[in-house]
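Good morning, and thank you for coming. Please look at the structure on the screen while I describe some of its parts.

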Amino acid sequence: MLRQISPARPDWQSAVEAIGFDFHSFDAAPYWREEAFWQFSAGEIDGLEAAANNLHRMCMNAVAAVIEDRKLALFGITGLAAELVSESWARRDPHLYGRLDLAYDGSGPAKMLEYNADTPTSLFEAAIVQWYWKQALSPASDQFNSLEEGLVERFRQLLQGIPSQDPRRHLHLSCILPNLEDEGNLKYLEACALDAGFSTTRLDIADIGWNRQTERFVDLDERPIARMFKLYPWEWMVKEEFGANIARSACQFLEPAWKMILSNKAILAQLWQMYPYHDNLLPAAFEAAEIRSTAPLGLVRKALLGREGANVTIYDADGGIAESRDGSYGDEGFVWQARARLAKAGPKATAVLGVWLIGDQARGLGIREADGLITTDDCHFVPHIFS
Amino acid sequence: MTHAALRARISHPAVTALCSPCRLQSFGKSGFMVLLTLMSGTLLLAGCDDHKKSGGQPPASAQQGKMYKDLDACLADATGMEQVTACREGYHQALQQMAQAPHYDQRANCEDVYGPGNCVPRDSVVPGGGGGFMPFMMGYMMGNLGGHTVYQPVFIDRGGNALANGSRISNPSWSGGAPAAASPSSAVTRGGFGSTATAGAHLGMGG
């Protein structure tokens, strides 16, 4: 695993815009960064794929255990949220995708940092933008990327056995608009769903209607929403006004409500309890004291529901704060995780590897670099190849 | 006779003509013929084989023949658990009967009959209802078919006439108040999702 420097295409902005990547820069700072790329060996990629598949399997076992052992309260999941989680799991509501964030620098096993299982983004960059970059600059190389095939295949599975006139063949896709990044991810998923045979409607999550007569969520044409992909956190939905309608709406959500368990960082403590000292896990617990002796590099405190690096504090081995990010999360509690060694992307910069799960299968890799230790929404997406 | 069997026997072509009184005929497997008579707000459905019997029977429910704009109006009118149950069952069966309600390929054609804003996509009301548009259910009524209580959705055309089962109801009497000349939006509220993101400085969902 090597970080290689290579000149960016002189016309890289127009090159990526030509394939629909209109959120390549934020506030004039490039988010897409192609003056470097990561090079892997085939063996390293095989290892990452196997690690992600294993971790996902362990995560699914953990979901079952958390529900069966009635541990949802430890995750801050109570009341309506707990009902939705348990019901969706009992129904085996299907899931679409997720991104496992791994710490890996080419030495030793990859370690799970967290699972973005509910509202992962950077999918379009991983599936399309870095693929076109590779085709343009290094067509003979390979890339851990069968994301599009995986997504279309997964959407086809979701259509299996559903009759032609059934409203479940129509997928509504929703996020907060306007937001170039979220919308870019949404449009890409919509394209994959269309390819698989769905008809689709995209709408702002605030435009979703509730028809109290038919007890259905409806779109702006008052068409009922039978299936909805929502790029919007479950824990927000359940506490909002329409949250109480979800259970009787007969709407099937992607991701399903049970993903609330996996996107919650309490899962890290649950996994460590179920699979202690597993090669791909970092020690994690609700109390720092429980894992301090197994954390030679220090500890990290993460808000259970934190997103985009918010409310994360990294401590050195001597207890001093190495880096900390504020945010609006944390009321729901925190979990402690042993600090991992991250791949170095510069004197201070680090890289985190996001392995994408489509359905239950690892299908691709996207790498994000941060200027410091915590990967936030200021990070950069950097392409990769393997050979 | 089950209500499902009733639905199978009463077929409703898209309503283009209004008639009162009205007869709809269809033949089921048994050769059973349904006569539909609508008069003075009372829905009377009688099988040929036993129309005498149905005429002589006491009504299955004291609410029979009454029209309600919604479930709440029916419940307000109900005395006793039996009628409360009848209100609820009636409401849900009227909703199910929407599968047989008139429908149109174009919203404009539907609105020509029922008025602007009073038509909705068919599949927003009837699960798996396919394409097209249909009028909004403005209320429901209870009637009698062969001694069995039956329930029908009531529509209101752009002239303000109440319609049920493809026929105009003369002298409709709404118990607990007539429906407002409502548009579909009266049943739909929006903005119930998204408030958390709006309240905070939302940048994106990525992790």
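In this predicted model, the axes of helix α5 (residues 147-159) of chain A and helix α6 (residues 180-196) of chain A come within 8 Å and cross at roughly 55 degrees. Axes here are lines fitted to C-alpha atoms, for helices over the stretch in contact, and angles run from 0 to 180 degrees between N-to-C directions. Helices (H or I, at least four residues) and strands (E, at least two) are DSSP runs, numbered from the N terminus. The angle makes α5(A) oblique to α6(A); angles under 35 degrees count as roughly parallel, over 145 as roughly antiparallel, 65 to 115 as roughly perpendicular and the rest as oblique. The crossing of these two helices, α5(A) and α6(A), is right-handed, a term used if the near helix is turned clockwise from the far one by less than a right angle, with left-handed for anticlockwise.

Which residues of α5(A) and α6(A) meet? From α5(A) they include Leu151(A) and Phe155(A), and from α6(A) they include Tyr188(A) and Cys192(A), where contact means heavy atoms within 4.5 Å. The residues of this contact of α5(A) with α6(A) divide into nine nonpolar, no polar and three charged. Ala, Val, Leu, Ile, Met, Phe, Trp, Tyr, Cys and Pro count as nonpolar, Asp, Glu, Lys and Arg as charged, and the others, Gly among them, as polar.

A second pair follows. The axes of α2(A) and helix α3 (residues 79-90) of chain A come within 11 Å and cross at roughly 125 degrees. That makes α2(A) oblique to α3(A), and the crossing of α2(A) with α3(A) is left-handed. Among the residues that meet are Met60(A) and Ile67(A) in α2(A), and Val85(A) and Trp89(A) in α3(A). By class, this contact of α2(A) with α3(A) has six nonpolar, one polar and no charged residues.

I turn now to the interior. In soluble globular proteins, nonpolar side chains tend to be buried together. The largest nonpolar core has 90 residues, of which Phe40(A), Met112(A), Phe217(A) and Ile261(A) touch the most other members. Its largest share, 12 residues, comes from helix α2 (residues 42-68) of chain A. Apart from this core lies another, of 40 residues, among them Leu158(A), Tyr188(A), Cys192(A) and Trp356(A). A nonpolar core is a set of buried Ala, Val, Leu, Ile, Met, Phe, Trp, Tyr and Cys residues joined through side-chain atoms within 4.5 Å. Buried means under 20% relative accessible area, exposed over 50%, partly exposed in between (1.4 Å probe, protein chains only).

Helix α9 (residues 266-274) of chain A is largely enclosed by the rest of the structure, because seven of its nine residues are buried. Trp272(A) is one of them.

Finally, the conventions. Residues are numbered from 1 along each chain as its sequence is written, and chains are lettered from A and ligands numbered from 1 in the order in which they are written. Local features need pLDDT of at least 70, side-chain atom pairs count only at pLDDT 80 or more, and totals for chains, interfaces and linings use all residues, while side-chain values use heavy atoms, with hydrogens and water left out.
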